[in-house]
Amino acid sequence: MLKIGVLASGRGSNFQAIIDAVENKKLKASVEILITDNLSAFAIERAKKHNIKHIFINLKDFATKDEFFKRIANEMKSCGVELVILAGFMRIVRKPLIDAFPHRIMNIHPALLPSFPGLHGQKQALDYGVKISGCTVHFVDEGMDTGPVIIQAAVPVLPGDTEDTLSERILVFEHKIYPEAVMLFSEGRLEIKGNIVRIKDHPQVSSNIVNPPNR
Ligand code: GRF
């Protein structure tokens, strides 16, 4: 069974989606540890509630960011973690963690990458005026929201949307596609060649683009 480690900085609703998928047995995996870089992250309450080991690692305790990430990698390894899930982790992951888990770190981003990387992807989409946005699960490399795309869901931007309403609509799909991507990984169905992730024996997943109008 796949052993997962989670990194989160805040609310942790994507962390919860993973926990739920595991508890509902949709995902054959176990969450071994939650690591946060923020003592007041609500994700910690979720870990407590579900009896998941949780630790806080304070960047300020380290002379360099690389040392901070080395420590995270060591904690993950010591729990036997095979896949690291970033769930609202507000830092760019550095080499010591990436090298310890090659193509074994996933992230979710609230926009259709490569559009609108970085903070406030939903607001960036609104400000740009796109009509369709969405969310992306991708493998993590050293860039900011770069790395091979695994699955995406398209979500319409509606007239009158605010950052909050669009974020809420996108979040529903985040909670759907993140466990789905982890499931595909756990079943050994993700094949990575360069920047392309092929999903073995799987039709187009997570495509929720509205049906064409009846004629
Ligand atoms: C989500 O919108 C996610 O896409 C982004 O940060 C937010 C985290 O939300 N990376 P939560 O902490 O999972 O509720």
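User: Which residue just after α6 takes a positive phi?
Analyst: Gly-188, with a phi of about 70 degrees. Helices (H or I, at least four residues) and strands (E, at least two) are DSSP runs numbered from the N terminus. This is a predicted model, where local features need pLDDT of at least 70, side-chain atom pairs count only at pLDDT 80 or more, and totals for chains, interfaces and linings use all residues. Residues are numbered from 1 along each chain as its sequence is written, and side-chain values use heavy atoms, leaving out hydrogens and water.

User: What span should α6 have, and how far apart are its end C-alpha atoms?
Analyst: Helix α6 covers residues 163-186, and its 24 residues should span 34 Å at 1.5 Å a residue. The expected span is 1.5 Å times one less than the number of residues. The end C-alpha atoms are 33 Å apart, which agrees.

User: Which residue other than glycine has a positive phi?
Analyst: His-103 has one, near 55 degrees. His-103 sits in the loop between α4 and β5. Most residues other than glycine have a negative phi, and most peptide bonds are trans.

User: Where is there a cis bond, then?
Analyst: The peptide bond from Leu-113 to Pro-114 is cis, with omega near 10 degrees. Pro-114 belongs to the loop between β5 (105-109) and α5 (121-128).

User: New topic. How many salt bridges does a search of the whole structure find?
Analyst: Ten. A salt bridge is a side-chain nitrogen of Lys or Arg within 4 Å of a carboxyl oxygen of Asp or Glu. One of them joins Lys-95 and Asp-99, at 2.9 Å from N to O.

User: How far apart in helix α4 are Lys-95 and Asp-99?
Analyst: They are four residues apart, so about one helical turn separates them. An α-helix has 3.6 residues a turn, so residues three or four places apart point the same way.

User: What are the domains?
Analyst: The domain assignment gives domain 1 (1-102) and domain 2 (107-215). Such bounds come from an automatic or database assignment. The domain centres, taken over C-alpha atoms, are 21 Å apart.

User: How many residues are in contact between them?
Analyst: 19 residues of domain 1 are in contact with 17 residues of domain 2, where contact means heavy atoms within 4.5 Å.

User: And what area is buried there?
Analyst: About 1500 Å², with carbon and sulfur atoms giving 73%. Buried area is the accessible area (1.4 Å probe) that two parts lose on being put together, summed over both. In domain 1, Asn-14, Leu-86 and Ile-92 lose the most area to domain 2, together 29% of what that side buries.
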